[in-house]
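Hi everyone, thanks for coming. Let me put the structure up on the screen, and then we can walk through it together.

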Amino acid sequence: MLYTIVYSDPHSCVFCIINGGSALLNKVNFCATVPQNERHVFTMKLFNTHELITRKDIEIALKVSQATAILIIREMLAQGMLIKEKGGKYSRYKRGKV
């Protein structure tokens, strides 16, 4: 099984993207969510393996709720870090110019 390590925190928690997909695996069972101050950085790392990302990708990768993922997306859109590609149910986001 191929995987890419995209984040590792000080508590030896490693998150991996399996086979280039958006499902993430935590190597140890006691992993917590990504720290709030690192959410934008970690979201941008998803673009290492994805051209476009969805809200659900962010939910899975950061282990956050749907509402929190929406807030993260809104913040990143306002800062120019993300550009909305499609709208509505099929919203996709690409890397911004920033």
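Let's start with a pair of side chains: Arg 55 forms a salt bridge with Glu 59, and their closest N and O atoms are 1.9 Å apart. By salt bridge I mean a side-chain nitrogen of Lys or Arg within 4 Å of a carboxyl oxygen of Asp or Glu. Before going on, please note that this is a predicted model, where local features need pLDDT of at least 70 and side-chain atom pairs count only at pLDDT 80 or more, while totals for chains, interfaces and linings use all residues. Residues are numbered from 1 along each chain as its sequence is written, and side-chain values use heavy atoms, with hydrogens and water left out.

Back to our pair. Both Arg 55 and Glu 59 lie in helix α2, 4 residues apart, about one turn of the helix. Helices here are DSSP runs of H or I with at least four residues, strands are runs of E with at least two, and both are numbered from the N terminus. An α-helix has 3.6 residues a turn, so residues three or four places apart point the same way.

Glu 59 also forms a salt bridge with Lys 56, with the closest N and O atoms 3.6 Å apart. Through shared partners, salt bridges join Arg 55, Lys 56 and Glu 59 into one network.

So, is Glu 59 buried or exposed? Glu 59 counts as buried, because its relative accessibility is 11%; buried means under 20% relative accessible area, exposed over 50%, and partly exposed in between, using a 1.4 Å probe and protein chains only. Arg 55, at 28%, counts as partly exposed, and Lys 56, at 45%, is also partly exposed. Not counting residues up to four places away in sequence, Glu 59 touches Val 64, Ser 65, Gln 66 and Ala 69. A contact means heavy atoms within 4.5 Å.

Ala 69 takes us to the next helix, as it is one of the buried residues of α3, along with Ile 72, Ile 73 and Met 76. Seen down the axis of α3, these buried residues fall within an arc of 100 degrees, so they line one face of the helix. That arc is taken from the directions from the helix axis to the C-beta atoms. On the other side of α3, Arg 74 and Ala 78 are exposed. What do the buried residues of α3 pack against? They pack against α1 (39-45), α2 (55-62), β4 (82-86) and β5 (92-95).

Now to those strands. Glu 85 forms a salt bridge with Lys 94, with the closest N and O atoms 3.7 Å apart. Lys 86 lies in strand β4 and is exposed, at a relative accessible area of 52%.

Stepping back, the protein chain has 3 helices and 5 strands, in the pattern β-β-β-α-α-α-β-β along the sequence.

Finally, how far can we trust the picture? The protein chain averages a pLDDT of 75, and 65% of the residues score at least 70; pLDDT is the predictor's confidence in each residue, from 0 to 100. Confidence is lowest in strand β3 (residues 24-26), at a mean of 44, and highest in β5, at 95. Over residues 1-5 the pLDDT is below 50, and over residues 8-14 it is below 50 too. Where pLDDT is low, the predicted coordinates should not be read in detail.
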